[in-house]
Amino acid sequence: MIRQALTALRRAITGVWDDIKASTDASLLGLARFVGLLYGPIDRSLSIDQALRKSLRYRLAPHVGWRHALGSITYLLFIVLVITGVLLAIFYRPSVQEAYPSIQHIVSETPFGWLARDLHHWSANLIVIVLLMHMARVFFEAAYKPPRETNWLIGIVLLFVVLLFGGTGYLLPWDQWSYWTLTEVMTAISSVPMVGRRMAEAVMGDVIPSGATLSRFFALHVIVLPWIAFALLGYHFTLVRRRGIAPPMNVEGERRRWKRSGRFSPDGQPKEGTPFYPNHLLRSFIVALVTVAIAITLAILYPRVLADPADPYTVPETLVSTWVPVDVSLALIRLAGTWGFVLFSLLGVSLILIPLLDRGPARKLRERPVVAVLGLAFFIGYVGLWIAGRVIGAVAPSESLGTGVVAEQPVPRPPSVPLPDGTRAEPSPAPESQREGGVR
Amino acid sequence: MSRRRLIAAIGGLVLLPPVAVGRLAGQGGPVTQDESTYGCIVCHADMRRAFAQGAHAERGIRCHSCHGGDTTQVEIPAAHRGRFLGAPSKRATIDLCASCHSDPNQMRQYGLAADQLAEFRTSRHGELLLARGNDDAPTCIDCHEAHTIRPANDARSMVHPTNIPRTCGRCHDDAALMQKYGLSVDQLSRFMAGAHGKAIFEDRNFAAPTCIGCHGSHAALPPNVTETAHVCGKCHVLLADALYAGPHGTPSLTGSISGCLGCHTNHGTERLPPEQISELCVTCHAAESSMATLGQEIEDQVLHARGELELAAEAIARMVNTGRDVADERFRYRAAYTAYQQLAKVQHSLDLEQLEDLGREVRSNAAVVRSTAEAYAEERWEHNLLLLPVWFLTLSGVTFAAFKLRELGRAGHG
């Protein structure tokens with residue numbers, strides 16, 4: 001009985017070992033191949049290798065160049081955000097009492113925690129910039145035209161997802177800037193007639209930003225939105241492969257070709273063009289290296305300054321923007337007022353609707369002047385406002401903010417250290433050196 | 001029913017509900033007459049409304065309690081007969097209020113003192129009004145209002161800490177009135193700009209004194225020169241002790257120097273900048289005297305300590321901005337700050353040795369904070385070194401990939 005069991009065990013082990021040996025000529029890699037990490041039995045049975053080879057052999061049209069890497073950079077930054085976000089989530093504690101101290105712990109106690117946080121912060125800024133550059137390329141090259149209009153809309157939804165990511169993540173440091181910036185936004189939403197107040201309270205889960213707000217923003221940021229983003233990204237990439245990359249702008253009549261063939265995928269493999277492997281993979285490699293290096297450099301040289309812990313009883317003297325869309329909003333409201341903000345937002349929304357209206361074959365900018373003007377107004381306006389927002393840097397909170405709350409403050413609360421002359425030292429809004437450093 | 005009775009009935013119905021609610025809530029006093037037939041309110045509804053908001057209405061006091069008359073009547077001649085007082089004179093007001101407020105048996109139940117009249121007699125106001133019959137002097141209702149008399153802890157009361165400066169200012173800010181008595185009218189503005197005014201109106205610190213904190217309320221008088229240190233010392237106990245312990249103590253008590261007011265102002269109560277200590281000393285002492293030198297040494301000690309504290313505060317702010325937990329440093333700073341505050345006390349005793357000890361304590365604690373901040377800044381600067389491997393690897397990778405791409409292009413695969 002025992003002998004039979006031992007024999008069966010020996011045969012099983014021998015079988016596994018034979019499989020390992022059969023799958024590789026280097027036994028150290030065999031285990032990896034056996035469990036599917038490298039080419040091995042699993043790949044053979046599932047034809048993964050064929051799919052991989054097909055992808056690597058895939059040829060991209062000759063006009064596909066460096067400017068097409070913007071989408072890849074966006075995806076790379078998303079992955080950087082996911083990785084650094086997971087690292088941060090290990091140490092971050094989403095509660096009113098612990099959020100700020102946990103950030104301090106990450107920055108000053110956790111090994112390379114500062115790098116994870118600042119890289120996360122900078123990637124969140126860079127992704128907005130690169131995403132808009134990607135959109136601008138698609139827009140001006142008319143790559144949104146049929147049959148790719150669905151992918152344009154998916155891209156727009158992804159943009160909103162990125163903005164939601166940023167909006168929910170903005171509060172998580174739970175410092176005075178993030179707290180009162182959100183309060184400003186919620187006050188603005190509350191002022192919308194009829195529904196504003198209900199909307200703001202539904203978002204916050206309370207009448208002011210509180211622990212309830214922090215919990216739901218954290219849940220949205222790390223649980224809900226990543227699933228939505230990955231699903232949309234998968235769909236986005238699938239459509240890129242199925243519809244193919246848009247042909248150069250001087251090629252006309254593509255839509256007629258689609259209609260005639262009745263197919264929604266490219267006519268087989270392109271015969272011309274450069275192969276994805278190694279040419280485009282090398283380009284992606286270069287772009288990825290430079291992007292990550294730039295993000296790390298910015299993270300090292302311009303770390304995100306932390307303000308005082310959030311205090312609902314004390315309105316800070318200044319609100320400092322730490323995210324590109326906040327810079328833009330800040331500049332818009334300061335320079336053009338609330339109506340300017342609304343009109344610019346409407347201009348942005350009009351870009352979403354353009355693919356539904358602009359479905360003709362014309363792709364050159366001269367042939368679609370309205371679209372070109374709208375696009376230029378939005379993208380140049382966005383860059384201009386972003387720069388203006390960086391120059392403005394910090395603004396005083398609205399006078400309406402918290403005046404009632406302050407009047408009800410029962411005991412004066414020292415915000416920081418008392419100075420010898422009887423005043424109190426507030427942490428500086430932002431060192432000048434950091435304001436000059438482009439985005440933060 | 002006559003027309004006046006009809007009006008009285010309607011007026012009563014209008015005014016009854018708030019009173020009835022007050023009674024239901026257990027705030028009302030004994031009911032002596034139905035509100036609907038209370039004659040005074042027919043003509044004096046506005047005063048009744050004001051009175052209903054005050055403390056007396058809650059105690060069951062009615063118009064006739066002070067003004068007399070027949071409240072069952074609504075015709076003026078009938079209502080204003082008997083022991084009718086009408087609007088009393090200033091002098092009569094004192095007696096009227098004192099009829100209850102000087103009676104300990106009546107005041108005991110409300111926890112109020114019954115010495116207001118006795119105190120008032122000792123005041124300058126009392127002297128003017130009672131001894132000289134001068135109606136410029138205020139009577140009870142000038143500070144407490146005639147009908148809407150609220151307790152002092154009610155923020156709407158004229159004698160609430162936030163309202164007292166303006167209540168006193170109604171007369172003491174009146175240049176024409178004060179000119180008659182040779183008084184200046186800058187007290188209110190100076191008080192508001194001074195440390196005490198800021199404490200009350202900016203920090204909402206009601207422990208800070210208003211006019212009555214130093215002058216008294218009913219017994220309002222300016223303190224004598226010899227009393228000044230005692231008046232200030234009621235709150236600034238440690239500073240007063242230090243002053244008495246030092247060389248200025250005895251002259252202050254004997255009146256040869258004016259105590260606290262020798263260096264500080266009374267209504268302004270501005271903080272004295274440390275830079276002015278030595279200048280202040282030479283206003284009394286000769287410039288080359290040993291006391292002037294001592295003043296300079298005290299000033300140097302205080303300024304040095306303040307400079308160190310400011311640097312430590314900046315260091316803490318920098319660490320906060322970079323996300324470091326600064327609980328230890330704040331604790332250390334607090335120790336330095338406490339020693340700095342003690343400097344303020346000791347400089348009143350002119351004890352240079354003790355000042356030097358405290359200065360050392362400030363400097364040593366502040367230095368620890370600064371050295372921690374410098375070490376942390378150095379640690380953060382070392383992050384920059386990470387740029388070397390990052391860019392070395394990046395440029396190596398980019399160079400390799402670029403060569404490979406070039407090679408592919410030359411081979412015709414690009």
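Predicted model: local features only at pLDDT ≥ 70, side-chain atom pairs only at ≥ 80, totals over all residues.
Residues are numbered from 1 along each chain as its sequence is written, chains are lettered from A and ligands numbered from 1 in the order in which they are written, and side-chain values use heavy atoms, with hydrogens and water left out.

Back at the interface, 37 residues of chain B are in contact with 42 residues of chain A, where contact means heavy atoms within 4.5 Å. There are zero salt bridges between chain B and chain A; a salt bridge is a side-chain nitrogen of Lys or Arg within 4 Å of a carboxyl oxygen of Asp or Glu. The elements that give two or more residues to the side of chain B touching chain A are α20 (290-321), α21 (327-349), α22 (352-381) and α23 (387-410) of chain B. Helices in this account are DSSP runs (H or I, at least four residues), numbered from the N terminus. The largest share of that side, eleven residues, comes from α23(B). By class, the side of chain B that touches chain A has 18 nonpolar, nine polar and ten charged residues. Of these classes, Ala, Val, Leu, Ile, Met, Phe, Trp, Tyr, Cys and Pro count as nonpolar, Asp, Glu, Lys and Arg as charged, and the others, Gly among them, as polar.

Now let us turn to salt bridges elsewhere. The structure holds 23 of them over all chains. In chain A, R67(A), R137(A) and E141(A) are linked in a network of salt bridges. In chain B, the side chains of D70(B) and R81(B) meet in a salt bridge, at 3.6 Å from N to O. D70(B) lies in the loop between α4 (63-67) and α5 (76-79) of chain B and R81(B) in the loop between α5 and α6 (90-101) of chain B, so the pair ties together parts that are eleven residues apart in sequence. D70(B) is partly exposed, with a relative accessible area of 21%, and R81(B) is partly exposed at 47%. For these words, buried means under 20% relative accessible area, exposed over 50%, and partly exposed in between (1.4 Å probe, protein chains only).

Another salt bridge joins the side chains of D136(B) and K180(B), at 2.6 Å from N to O. This pair links distant parts of the chain, 44 residues apart: D136(B) is in the loop between α9 (124-131) and α10 (140-144) of chain B, and K180(B) in the loop between α12 (175-179) and α13 (187-193) of chain B. D136(B) counts as partly exposed at 26% relative accessibility, whereas K180(B) is exposed at 55%.

Our last stop is helix α17 (residues 237-245) of chain B, whose buried residues are A240(B), A242(B) and L243(B). They cover an arc of only 160 degrees around the axis, which puts them on the same side of α17(B); the arc is that of the directions from the helix axis to the C-beta atoms. The face of α17(B) turned away from its buried side carries the exposed residues L238(B) and A245(B). What covers the buried residues includes α16 (228-233), α18 (249-254) and α21 of chain B.
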